[in-house]
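Subject: The structure I promised you

Hi,

Have a look at it first, then read on.

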Amino acid sequence: MNSSIDFIGDIHGHCDELRALLQKLGYVESAGAFRYPGGARSVVFLGDYIDRGPQVRETVNLVRAMRDAGSAVALMGNHEFNALSFWQPNGAGDGHVIKSIRGGYLREHTFNKVAIHVKTVEAYKGRQAEFAEMLDFLKTLPIYLETDLFRAQHACFDLRCAEELNAAGVQSFADGNFDELIARANDQYSEYADSLFYPVDIFLKGPEMNLPNGITFYDGEGVLRKRARLRWWVDPKHATLRELSFQPGVELPACDVSPELCNRGYYGENERPVFFGHYWLTGLPELIRSNVCCLDYSVAGCRGDGHLAAYRFDGEQELDARKFVWVGCA
């Protein structure tokens, strides 16, 4: 992989916007895939291709075509992981049953969980064989990508989690027996000694904290939350709950956090640039810090004013806000 890379955030079935962004970036569709002229640049997709939007199947096919043509790397998002878990029977294959999960699948088929996948199921109605092929494609998506110049993943980079996955020989769910690996990744309470829940959860969903003193909030989908996402690049030693939480559109109290949180690690200012999506930011793209770049600007947001965003990276170790490129909702 060369050092000229366009990182693209969460697409969620918005293929028209993806095509417009790729064309704005200078990619040309030829021989069934978008490519940069002369191969001078390539794309790293940061996950979340499915669910929510109206063109899930088209999005998956475009991303897969670029991956297969060598003009892109496609990483796994939490929605891809959720889909694999949702359709996977609990105890399939090797009988690795997770007792703490209710129902017959690794992801409970509750109303809210089913609702998340409606757009994806609709996109493949009458195309069951193609749907199975799509799930097989999702199994091959790397959980994270790291080079000497950058790190990229869907939600959070954590060195300890990377070491744990490397020790297990796992870069994707195609690296071994799928039935075993997906069960290990859903083993939240370490019912088995080989649980992979923590590293997969951190990379794909990011760290969260329990909210103190009965504090709660409703997320963008109307679900009551008792936990908040963390700004994993902020030194927590002297930070308040408000400064540590990363819930766009929600302002939590400026109260103290637990000693356990105060002692957790964080992504330092001297680390190589890190690119991710997942966090439903609003407004126009901007840098979080000179080495921290989130590219999820809510193209699938219910307000209809989101953006599909990219960052044009050329190896610089201090990122430049002028290198964002984006398109609005169609």
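**Pocket and cavity**

Let's start with the second largest pocket: 17 residues line it, and Arg 231, Phe 246, Pro 248, Leu 281 and Glu 286 are the ones nearest its centre. Before I go on, this is a predicted model, where local features need pLDDT of at least 70 and side-chain atom pairs count only at pLDDT 80 or more, while totals for chains, interfaces and linings use all residues. Residues are numbered from 1 along each chain as its sequence is written, and side-chain values use heavy atoms, with hydrogens and water left out.

Back to that pocket. Its volume is about 220 Å³ (the space filled by probe spheres set on grid points, which are joined across faces, edges and corners). Its lining splits into nine nonpolar, four polar and four charged residues. Here Ala, Val, Leu, Ile, Met, Phe, Trp, Tyr, Cys and Pro count as nonpolar, Asp, Glu, Lys and Arg as charged, and the others, Gly among them, as polar.

What sets a pocket apart from a cavity? On a 1 Å grid over the protein atoms alone, a cavity is a set of points where a 1.4 Å probe fits but cannot get out, whereas a pocket is an open set with protein on both sides within 12 Å along at least five of seven lines; lining residues have an atom within 4 Å of a point.

There is one cavity of 30 Å³ or more, and the largest cavity has a volume of about 40 Å³. Among the residues lining the largest cavity are Trp 232, Trp 233, Arg 264 and Tyr 266.

**Helices**

Helices (H or I, at least four residues) and strands (E, at least two) are DSSP runs, numbered from the N terminus. Axes are lines fitted to C-alpha atoms, for helices over the stretch in contact, and angles run from 0 to 180 degrees between N-to-C directions.

Helix H2 (residues 56-69) packs on helix H7 (residues 128-139) at about 50 degrees, with the axes 12 Å apart. That makes H2 and H7 oblique to each other (under 35 degrees is roughly parallel, over 145 roughly antiparallel, 65 to 115 roughly perpendicular and the rest oblique).

H7 also meets helix H3 (residues 78-86): their axes come within 10 Å and cross at roughly 125 degrees, so H3 and H7 are oblique as well.

**Sheet**

Four strands form an open sheet with mixed pairing, in the order S6-S7-S12-S13 (two strands pair if DSSP finds at least two bridges between them). Its edge strands are S6 (144-146) and S13 (292-294), each pairing on one side only. S6 and S7 (residues 151-153) are antiparallel, with three bridges, and Glu 146 stands opposite Arg 151 in S7.

Enjoy!
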